[in-house]
Amino acid sequence: MLTLFLILFPIVAATAVLFSTDTIAKTAALIGAIGELVIVGVVFFTFVANDQYQFGFDYAWFGAATNGSSGVRLSGAIDGISLLPVVLTGLVTPLIILSTFKQTYTRPTSFYALILFMQAALMGVFVARDGFLFYFFFEAALIPIYFLAAMWGGENRIAVTFKFFVYTIFGSLLMLVALVYLYRQTPLVSGAHSAAIADFYALNLSAKAQGWVFWAFFIAFAVKMPLFPFHTWQPDTYVESPTPATMLLAGIMLKMGVYGLIRLILPIVPEGVNIWGSTAMILAVIGIVYGAIIAVRQRDMKRLIAYSSFSHVGLMAAGVFSRSEMGLQGALIQMLAHGVNVVGLFFIAELILQRTGTRQLDQLGGITRNTPRLTVYFMIILLGSVALPLTNGFVGEFLLLSGVYGYNHYIGLAAGLTIIFGAVYMLRMYQKSMFGQPAPRTATFVDLAGSDSYVLLILCVFVFWMGLYPASFLKLTEPAVLNLMQFIK
Amino acid sequence: MNPSLSYSLLFVAAALFSIGLAVVITKRHAVVVLMGIELMLNAVNLNLVAFSQYDPSRLQGQVFSLFVMIVAAAEAAVALALIIQVYRHVKTVVLDELTDLKQ
Amino acid sequence: MTFQTYDCLQMLPIILLSLSGIALLFLGFQKSRALLLPATLLFLVIAFVANFLDWGKTYMYFRDMLLVNNLAMIFTGVVLLSTFMVVSLSGSLADDEDAQPAEYYAILLFSLVGAIMMIGFENLIMLFVGVEILSVAMYILTGSDKRNLRSNEAALKYFLMGAFATGILLFGIALLYGATGSFVLSGIGNYAHSATNAGGSMLLFYVGMFMLLIGMLFKVSAAPFHFWTPDVYDGAPSLFTAYMSTVVKTAGFAALLRILSVSFSGVYDFWWVAMAVVTVLTLLIGNITAVYQASFKRMMAYSSISHAGYLLIGLVGLSQASKPAIAFYSLAYSLSTIAAFGVLMLVARNRPLNAAVFGDQTTLARTDEHYDAFNGLARKNPLLGFVMAVSMLSLAGIPLTAGFWGKFMVFSAAADRGAVWLLVVAVLMSAVGIYYYFRVVIAMYFREGQTDTIRVAPFYRIVLIAATVLTLALGLLPNLFQGLI
C-alpha cells in the first residue's frame, strides 16, 4: 500500500499547491515534497533485502478476466531494482524545490504543482509492475516537464522543447507497439491476457520477434536517456529549460531510460539482447567518448554539464548491456549517484548565473576568493562526478567499468576514457570559473547562504555517504539483481 | 425467364453505370454531373429488377428499386436547391470556377 | 442466439426522434426561439433513455430489418451523446437573424434516425435508407449558412461527391443481390461461407463487395476517397462540422463493422489486404497533410481523416475485440472533437476577419480559424485552454486521456491478427499527429496574443467541462466503459 501512497501523495500535494495562493505555493510544495520524502524514508529503512516485491498494491484496471484476475492492472511494488530510483526521486525533488527558494517564477502555483505532478509520474514509472502502467507513467511524466520547460524556459524554448517532446513521444510510441504485441502474446487465463511485466518475462518469443521488440524498447529508452545517436534534443533542451526542469530531466528523468533497460529489455528479450546487445553497447560507448570530447570544448557551463551527463549515461547503458552482476549493480548505484551529482552541478551553474548574469566560462574566474562555502561544495560534488575514490561516483563507475571490461576488454578500455575525459572537462570548468583572476562580473560575488547552502550540503552528505559506505545501498539491491540475472541467462 | 435476356440486361445496366460514371468524372457543369449520377442510379434500378428474377420471393429487388427512385427524387430536390443557391452568389455552376474553398 | 421478433412500435428511439423532429418544426412557428434548444435537448435525453430500455437483450425489429443488441445500443448512445453536446453548443443560433434553428434541430434529429439505421441494419435496404437520410440531412446543414459562399460551395461539392458514392454503394448492393439473392446480412454471410468452401467463380460477389466498401469508405472519408473532406469540413459552419466529423463517422464505422463482421468475415482473406492498404494510405495522407495546414479547422478535417485510419485498423484486425474497440474509439474521438470545436467556435466568434482584407461581400461572415487565433488563449481563459489541451492530448493519444485507450484497443485488435507492421505505421503517424495537435497547445500556452477574456454561457461551459472530465475519467478508468460491453 505504501507504494500507492508514493504515487498519490504528490498528486494530492500538487492539487493543493495548484489551488493555493502565489505567496505560499513555494512553501506548500516543499512541505509536500518533504512529506513524500518521509514516505520514501520509511520505505528505505523498512525495506527487507531480498528479491521480493514489497509494499505492493494491485487492482484490476482494464480487460480483466471474469474472475477479476490478469488483464491490464493497476499494480505496483518496490523491489531492489526500483528502490534506488525511488529514493532518488524522493530525495531530489524537495532539494529542487528548495533550490528555487531564492528565485521567483511567474505563476508559481502552476510551476510547483507541475514539479509535484512530475514527481508522481516518475514514482509511478519506477514502481509499476504492469507493462501498460509503466507506459502510462512513462508518457505522463513527459507532460509536466514539457510545460515546465516550455513555459518558463529561455528564448528558444518553444522550438527546442517541442523537438524534445516529439522525439521522446515517438520513441515511446514504438514501445507501445511492443507492449501491445507482448500483451496479446501472453497466454489467456480465464479469458484475459496479462500485461504484468513478470508474465512478459515468461514469454517464449522467437528470435525474430525478440529482435524487433528489442529495438522498439531500445529506441524508446535510448531517446529518453539519451544515447548516441538519439541525443540531439538533449543539450538544447537542458540549456533552454529553467534550471529546476533541467534538474528533473537530468537528475531523474533520464534514469527512466536506464531503469527501462534493466527492467524490461534484459529480461523480456534475452535472445534479442544476445543478438543486438553488442550493437547497443557500441552505440553507448560512442556516446561516452563523443559526449566527453564535446564537453571538453564547451564554454557554457550548463551545456558542458549536459554533455557530461550524456557521456555518463552512456556508461550506465554499457554497464547494463554487459549483463553482469557488477554492471547492473553499478548502473543502479550510479543512477542514484549521478542524480545527486548532476543536480548539484546544475544548481551551481544556476547560482553562478544568478550572481554574475552569465554561464560563459571565459567571462568567469576568481570566484573562490570570498566564497568558501561554494568552493568546498562545488569541489566535493565535482570530485563525485569525476569518480574520485571515496566519493559516490567512484563506486558506480568502478562497478560499471569492471562489468564492461569483463564483457569485452577493448570496449572496456574505450569506456574507461570517460574517467580521463571527465576529469579533464570537469576540472577545466572548475578552474576557469573558480580560480584565476576575478573577472568584472565575479568581483562582487556573494557566498551562499540559507536555503542554497542547505541544498548543496545535503547533496555533499550523499556524495560521501555513498562513497564511504556503498554497501548500505548495494546490499539492498543485490538479491533483486541476482534474481534478474536468472532471466538474462 | 430466358437467362440470356437477363445477361443482356446486366450489360445494359453496366453500360449505363459506366456512362454515368464517365459523365460525373469528366463534366464540370453541376447540373450535368447531377444527370450522370441519376444515370448511375437508374443502372442500379435496372440491375435490381433484373436480379429479382432469380429471387424466390421476387419482390425484394423491386421494392429496393422503388426506394432508390424515391431517394433519388429527394436528392435531386436538395441538389437543385443547392445549385440555385450557389448560382445566386457567383452566377456560375461550373465546378472548376468554384474556388473559394481552395484558399 | 435466438431472436425474438417484435412489431414496430418497440423501436423507440427511431420513432421518438422522428416525432420530436416534427414537433420541433411546429415549435418553429412560434415567435420566440428560446424554447427550441431546451426542447431539442429534452427530446435527445428521452431518446437516450429509451435507447437503453432494451439493455441486455437482443431483438430484431421491423420483420428482421433492424437488429438491436448491446453493441448497437452503445453506438446509438454515442451518437445521441455527441448530438446532445453539439446541440448544446448551438446557443448562438438563436441570436442569428438569418438562421432557422427550428429547421436545423429538426434536421439533426431526422438525421439521427438515419444514423441509428446504419448502426443496427440487418437488411441492406436499411443501410441504404440510413445512409441517405443521414447524408441528405448533412448536405442541407453544410449549406445552412446561406450568406456564405463557402458554405454553399461546400454543400454542393459534398452533395456531388456523396451522391456519386451512393451510386457506387448501390451498384455494389445490386451486384451482391445478384450473387447471393438476398439483401439480408446473414444471408450474404452464409453465401460467402458456403461459396468459398464450394469453390467456383465469385466474381459478381467480390465486385459487389468492393463497390459497397468503396461507397462506405467514401462516407467515412478514408483515403483515397477522402478528397472532398477538407473542403466540406472547412466550408460548413463549425457547429455542423463538429456533427459531421463525429456522428457521421461513428455511424459509418458502425455500419462498416456490421457488414464486415456479419457478411464478409467469411472472405476475410480476400479483403483484408485491400483494407490494410486503404488504412495505410488514410493514415499517411491524413496525418502528413494535416501538418501543412495553417487553419485549425482544416487541420481538424485532416485529423478526422487520420482518425478514420485508426478506426480502420480496428476493422483490419477484425475480431471480437474490434467491436468494443471501435465503439470506445468513436466515443473518445467524438468527445474530444466536439470539445475542440466548441472552443474553436468561441475563439473564432471573437475574431471576425476583416472583410476589407478579402475585399468582397461574400467573405463577410468568415471568421479567423487559424492557429494564430489561439495565441495566448490560456492566459486569460484558463478553462478554455485546458479543455482544448485535453482534447488535443486525447486526439493525439497521450495517456491519461480516453484517446490513449482507444488507440490501445484498436491496436490490440490488429496485434491479434499479427499485423504488427500496420501498427508501426500507425504509431509513426501518431508521432506526426502530435506535431499538429500540439501547435494549438503551444499557441495557447506559450505564445503571446491579445485575446480578451471570452464570455462563455453557463450551459456551454458545463458541456465543455463535462466533455473534458469524461475524457479524463475514461483515460484513468477505462473499465468504466468496458463494463458495458
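## Exercises on a predicted model

**Exercise 1.** Which elements of chain C give two or more residues to the side that touches chain A, and which gives the largest share?

*Solution.* Start with the counts: 23 residues of chain C meet 23 residues of chain A. Next, look for the elements on chain C's side: α17 (402–416), α18 (420–446) and α20 (479–482) each give two or more residues. Of this side, α18(C) supplies the largest share, with 12 residues. Finally, sort chain C's side by class: you get 18 nonpolar, four polar and one charged residues.

**Exercise 2.** How many residues of helix α6 of chain A are buried, and what do they pack against?

*Solution.* Go along residues 142–152 and you'll find 10 of the 11 buried. Among them are A:Leu142, A:Tyr146 and A:Met151. Now check the neighbours: within chain A, the buried residues pack against α4, α5, α7, α10 and α11. They also pack against α18 of chain C.

**Exercise 3.** Are α15(A) and α17(A) roughly parallel or roughly antiparallel?

*Solution.* First take the angle between α15 (372–385) and α17 (409–434) of chain A: it's about 165°, with the axes 10 Å apart. Angles over 145 degrees count as roughly antiparallel, so these two helices are roughly antiparallel to each other. Then find who makes the contact: A:Phe378 and A:Leu382 are among the residues from α15(A), and A:Met426 and A:Tyr430 among those from α17(A). By class, the contact has five nonpolar, three polar and no charged residues.

Note on methods. Residues are numbered from 1 along each chain as its sequence is written. Chains are lettered from A and ligands numbered from 1 in the order in which they are written. This is a predicted model: local features need pLDDT of at least 70, side-chain atom pairs count only at pLDDT 80 or more; totals for chains, interfaces and linings use all residues. Two residues are in contact if their C-beta atoms, placed from the backbone, lie within 7 Å. Helices (H or I, at least four residues) and strands (E, at least two) are DSSP runs, numbered from the N terminus. Ala, Val, Leu, Ile, Met, Phe, Trp, Tyr, Cys and Pro count as nonpolar, Asp, Glu, Lys and Arg as charged, and the others, Gly among them, as polar. A residue is buried if 20 or more other C-beta atoms lie within 10 Å of its own, exposed if 12 or fewer, and partly exposed in between; C-beta atoms are placed from the backbone. Axes are lines fitted to C-alpha atoms, for helices over the stretch in contact, and angles run from 0 to 180 degrees between N-to-C directions. Angles under 35 degrees count as roughly parallel, over 145 as roughly antiparallel, 65 to 115 as roughly perpendicular and the rest as oblique.
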